[in-house]
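Subject: Structure handover

Dear colleague,

Here is the structure we spoke about, with its sequence. My notes follow below it.

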Amino acid sequence: MAIIKPFKAIRPTKDKAAFVASCSYEEYAEDELKSILKYNPFSFLHIINPGFKFDKSITGKERFKLVHNRYLEFLEDEIFEKDETPCLYLYEITNEDFKSLGLFCATSVTDYRNNIIKKHEDTIEKREILFADYLKTVGFNAEPVLMTYKDDIIVAKVLKKEIKNQPIYDFTTTDKIQHKLWKIDTEETIATLQSAFAKMEALYIADGHHRSASSNLLAKEFSKKNTKHSGNESYNYFMSYLIPESEVKIFEFNRMVKDLNGLSKEEFLIQLDTFYRIEKKNDGIYKPTKKHHFSMYLDGEFYSLYLRKKVYQFTDSLSELDTQILYKTILEPILGIFDLRNNKRISYGYGKYNLIKMKDNIDKGEFAVGFGLVPITVDEIKAIADAGLVMPPKSTYIEPKLRSGLTIYEI
């Protein structure tokens with residue numbers, strides 16, 4: 001059974017919500033970030049970039065303390081307010097490509113430990129510890145873990161009813177994305193939703209593996225220090241955004257490699273021929289459309305690569321994953337890339353026009369070869385998670401990407 005819990009969110013006041021909501025600071029170009037910090041005093045970016053106030057770049061634990069201070073200032077200046085009763089929050093994101101409707105709630109670290117909340121990516125211990133230290137110092141969680149669940153008739157019926165009510169937020173950001181937020185505070189409705197999720201066998205992390213792992217790490221630390229630990233403390237939960245499988249949008253990450261590992265073009269193609277039937281494409285940009293098919297851009301030309309299935313052995317759900325196939329047949333044995341996370345010879349790209357960008361980067365000489373893939377499916381993610389396996393890094397780029405600052409969970 002999956003546990004979901006209402007919480008008393010810290011939220012921007014209605015008149016400031018559109019100004020507070022922000023993307024991750026990593027998504028902004030440097031000039032854009034500086035402009036927002038200069039001209040929008042309500043942006044959540046001021047909290048997570050506290051050094052701007054001092055015109056100084058601040059890192060480490062000093063930054064964590066200042067993040068906490070900026071957060072307190074937003075509360076003192078009444079940019080934020082706190083709900084008086086625990087609620088669930090219904091959040092809808094709409095743009096030209098998709099719409100998602102899901103729930104902000106608190107999810108359980110116990111479910112995480114018991115594999116009711118399932119993972120498909122590995123985490124780096126150093127990053128887990130760093131983010132756990134961050135959470136401990138700042139005292140709040142503003143970036144929810146994105147999770148998905150099997151489409152459920154009861155949940156869908158409740159949410160369809162709730163969106164007929166007046167939202168507490170309804171605004172459009174400059175990237176033309178519309179945001180709506182409803183507060184679900186009636187005990188009966190909350191109980192109905194909790195009952196529906198309790199009947200689900202699992203929730204699947206789509207985005208936020210390090211955030212959930214760090215919350216689990218922090219809960220272990222706090223529970224050991226708390227002689228009256230009951231399991232109901234706020235640190236036993238972390239904020240998540242839950243959406244049905246049908247509303248998850250998955251994009252592929254393409255791969256670009258800086259060199260051919262000492263091989264000539266002809267030698268490289270000959271080695272590829274072991275695992276692939278290779279065809280040169282002369283009609284512009286080529287994008288693969290099926291599993292186990294790849295596009296490749298090399299020396300000004302696109303190629304299609306069709307996996308020779310009699311040569312490659314499928315042993316489990318991971319071996320069937322296209323990112324794993326590319327790694328095991330090309331990146332590792334031919335191009336000599338063993339560590340996909342840290343090898344600086346490989347880069348990743350995503351987005352609607354990424355094949356064009358990949359071609360441009362290679363034509364400029366920044367990379368020698370690029371590979372295009374088809375997106376991984378939700379079913380593949382679930383199969384990997386159910387088997388307790390781990391995908392290669394940069395296997396999925398998942399939307400929706402959530403704004404920070406609309407609901408904040410205090411630890």
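Pro-400 sits in the loop that runs between strand S20 (397-399) and strand S21 (409-410). The peptide bond that joins Glu-399 to Pro-400 is cis, with omega at about 15 degrees. Please keep in mind throughout that this is a predicted model.

Two further backbone points concern positive phi values. Lys-176, which is not a glycine, has a positive phi of about 70 degrees. Lys-176 is placed in the loop between S9 and strand S10 (178-184), and with a relative accessibility of 71% Lys-176 counts as exposed. Asn-261 is also a residue other than glycine, and its phi is positive, near 60 degrees. The loop that holds Asn-261 lies between strand S14 (254-257) and helix H10 (265-272). Asn-261 is partly exposed, at a relative accessible area of 38%.

As a general point, nonpolar side chains in soluble globular proteins tend to be buried together.

On salt bridges, the structure holds 27.

Lys-291 and Glu-380 form a salt bridge in which the closest N and O atoms are 2.4 Å apart. Lys-291 belongs to the loop between S15 and S16 while Glu-380 belongs to helix H13, so this pair ties together parts that lie 89 residues apart in sequence. Lys-291 is partly exposed, with a relative accessible area of 35%, whereas Glu-380 counts as buried at 15% relative accessibility.

Lys-34 and Glu-30 also meet through their side chains in a salt bridge, at 3.3 Å from N to O. Both are in helix H2 (residues 30-39), and because they are 4 residues apart there, about one helical turn separates them. Lys-34 counts as partly exposed at 48% relative accessibility; Glu-30, with a relative accessible area of 56%, is exposed.

Glu-332 is buried, its relative accessible area being 19%. That value falls under the 20% cut-off, which is why Glu-332 is called buried. Lys-328 is partly exposed, with a relative accessible area of 37%.

Lys-157, Lys-160, Lys-161 and Lys-164 form a positive surface patch. Lys-157 is in helix H7 (residues 153-162) and is exposed, with a relative accessible area of 66%. The other patch is nonpolar: Ile-285, Tyr-353 and Ile-356 make up about 300 Å² of surface. Ile-285 is located in the loop between strand S15 (276-281) and strand S16 (293-298), and at 41% relative accessibility Ile-285 counts as partly exposed.

- Ser-43 and Ala-18 are 25 residues apart along the chain, and their C-alpha atoms are separated by 8.8 Å. Ser-43 is in the loop between H2 and helix H3 (45-48), and Ser-43 counts as buried, at 1% relative accessibility.
- Lys-61 and Leu-130 are 69 residues apart along the chain, with 9.3 Å between their C-alpha atoms. Lys-61 is in helix H4 (residues 60-76) and is exposed, with a relative accessible area of 57%.
- Pro-375 and Leu-307 are 68 residues apart along the chain, and 17 Å separates their C-alpha atoms. Pro-375 is in the loop between strand S19 (369-372) and H13, and Pro-375 is partly exposed, with a relative accessible area of 34%.

Best regards

Conventions. Residues are numbered from 1 along each chain as its sequence is written. This is a predicted model: local features need pLDDT of at least 70, side-chain atom pairs count only at pLDDT 80 or more; totals for chains, interfaces and linings use all residues. Side-chain values use heavy atoms; hydrogens and water are left out. Patches are made of residues with over 30% relative accessible area and no salt bridge: like charges are joined within 9 Å, nonpolar side chains (Val, Leu, Ile, Met, Phe, Trp, Tyr) within 5 Å. Accessible areas come from the Shrake-Rupley method with a 1.4 Å probe; for residues, only the protein chains shown count as cover. A salt bridge is a side-chain nitrogen of Lys or Arg within 4 Å of a carboxyl oxygen of Asp or Glu. Lys and Arg count as positive and Asp and Glu as negative; His and the chain ends are not counted. The place of a charge is taken as NZ of Lys, CZ of Arg, CG of Asp or CD of Glu. Helices (H or I, at least four residues) and strands (E, at least two) are DSSP runs, numbered from the N terminus. Buried means under 20% relative accessible area, exposed over 50%, partly exposed in between (1.4 Å probe, protein chains only).
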